[in-house]
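Subject: A structure for you to look through

Dear colleague,

I am handing over the structure we talked about, and below it you will find some notes on what came out of it. Please read them with the structure open beside you.

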Amino acid sequence: MSAERITFWYGCNVLRHGDIIHTCLDILRALGYDPAPVGGPDYCCGTVKDVNQTTAGGMATRTVGRLNERGARVVAWCPSCHSHMHDFMERANDRHFDMTYLVELLHARRAELAHLLRQPVPMRVMLHQHVGFNELVPVNRMVPELLALIPGVEVLEAGYTAPGYMCASFTAVPKALDDIHANTVRAAKAAGADAVVTVFHQCYRELVGLDAAGAVPVHNYIQVFARSMGLPYEDDYKKWKRAGEITDPERIAKVGIEFYERAVLPELKKRPNLR
Amino acid sequence: MSTRPVIGQRLKEFQQREIDRILGACTQCGKCYEVCPMAQYSKAPAKDGKAVVPGVLAVLRGEQGSPEALGWIAVCTRSGVCVPACPENVDPKMMMRLARMTALGGRGLPKQIEPKEDRDYFDRIRAFAKLQLTDDELKDWT
């Protein structure tokens, strides 16, 4: 029987984390799928364009059209894309594909997934959880159940749930993000966690600053899967964040020194405001 | 006469239907504001949700919102705690999302809150893609 073709719609901002995209693809292939990854600005859902609904509507129509043309089930990685499809895109466009969020797919296939998670990862972890998206896909229940499949992983009940549907939505409310950072570190320490594990890459991008600042180690759940599967991908983003820069001049040359210094370096140097 | 669809037209029509539904269903009881975990971060917090929600509905109608309403709209991060709190099934998360789009000027009405502009948003994504993916992956995946 041939593998089911799926479109792996990873989103935009996860392109900061190539290791996450590569691991997702390896997992999907190991579960018997034939995934075609698509994402980036050309597949943007339009959710970032609240300031211009003409543009947002055009982006939504273009992206739904492109996903329709692929003629395969869509598996989404990004919670923003998935919820924007549910809330707006499919209600203003004709969607001709089935759609699943990756966590739902992995949870449905957890018996097979467990066979891939062979290497022990001795770690007591606290799940960094939000409200909001959890009402669409119960990730706050499903991800701990998936992490518990990994030998050595213990998921602790820390009793802290952050407001908002993900950390990146707090860029306009910095005081609230400061509170999330402080409460996350406090809850992880109180629970005795070795590390904080995020569901969404948008939270990982923000919380990895806690790791870089030495407050608490932070991982995305897919990265913990990668360790247990013995996958070799390096977390470049964490490496750069810890260093506060990219040290390889050839890599910097790929994006140009001027753009790197103006638009990339400040993000890598940014640290949480821990009070 | 051109038969080409107007860009974004169906999205705008859907949004207007949602606004009409919300304006017809909301009783301005204020429960959505009272349970909101983000209200404490508003620049103009209020003690009573009944004093805030009418300003949100005014924004949806294209009118000027009150400082309390605009302060709340500006800090909404889609927690969704308001949804089960609403006794009329209005879907206050959608109400706030549409109010935010409107207040930011996204629906063609005058801007009432300032957007946080990031002129490098998509270029930064493209840059990280170049840093993380091979040339073939960039060609085939993005």
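What pattern does chain B follow when it is read along the sequence? Chain B follows the pattern α-α-α-α-α-α-α-α, and its secondary structure accordingly comes to 8 helices and 0 strands. Please keep in mind while reading that this is a predicted model.

On the overall form of chain B, a compact globule of 142 residues would have a radius of gyration near 14 Å, whereas chain B has 19 Å. Taken along the principal axes, the C-alpha atoms of chain B fill a box of roughly 55 × 45 × 30 Å. Of the 142 residues in chain B, 44% are buried. If one takes the contacts in chain B between residues at least 6 apart in sequence, 55% of them join residues at least 24 apart.

Chain B also touches chain A, with 44 residues of chain B in contact with 46 residues of chain A. On the chain B side, the elements that give two or more residues are helix H1 (9-25), helix H4 (67-75), helix H6 (92-103) and helix H7 (121-132). Which of the elements gives the most to this side? It is H7(B), with 12 residues. As for the kinds of residue found on the side of chain B that touches chain A, they divide into 23 nonpolar, 10 polar and 11 charged.

With best wishes

Terms used. Residues are numbered from 1 along each chain as its sequence is written. Chains are lettered from A and ligands numbered from 1 in the order in which they are written. This is a predicted model: local features need pLDDT of at least 70, side-chain atom pairs count only at pLDDT 80 or more; totals for chains, interfaces and linings use all residues. Two residues are in contact if their C-beta atoms, placed from the backbone, lie within 7 Å. Helices (H or I, at least four residues) and strands (E, at least two) are DSSP runs, numbered from the N terminus. Ala, Val, Leu, Ile, Met, Phe, Trp, Tyr, Cys and Pro count as nonpolar, Asp, Glu, Lys and Arg as charged, and the others, Gly among them, as polar. The radius of gyration is taken over C-alpha atoms; the globule rule is 2.2 Å times the number of residues to the power 0.38. A residue is buried if 20 or more other C-beta atoms lie within 10 Å of its own, exposed if 12 or fewer, and partly exposed in between; C-beta atoms are placed from the backbone.
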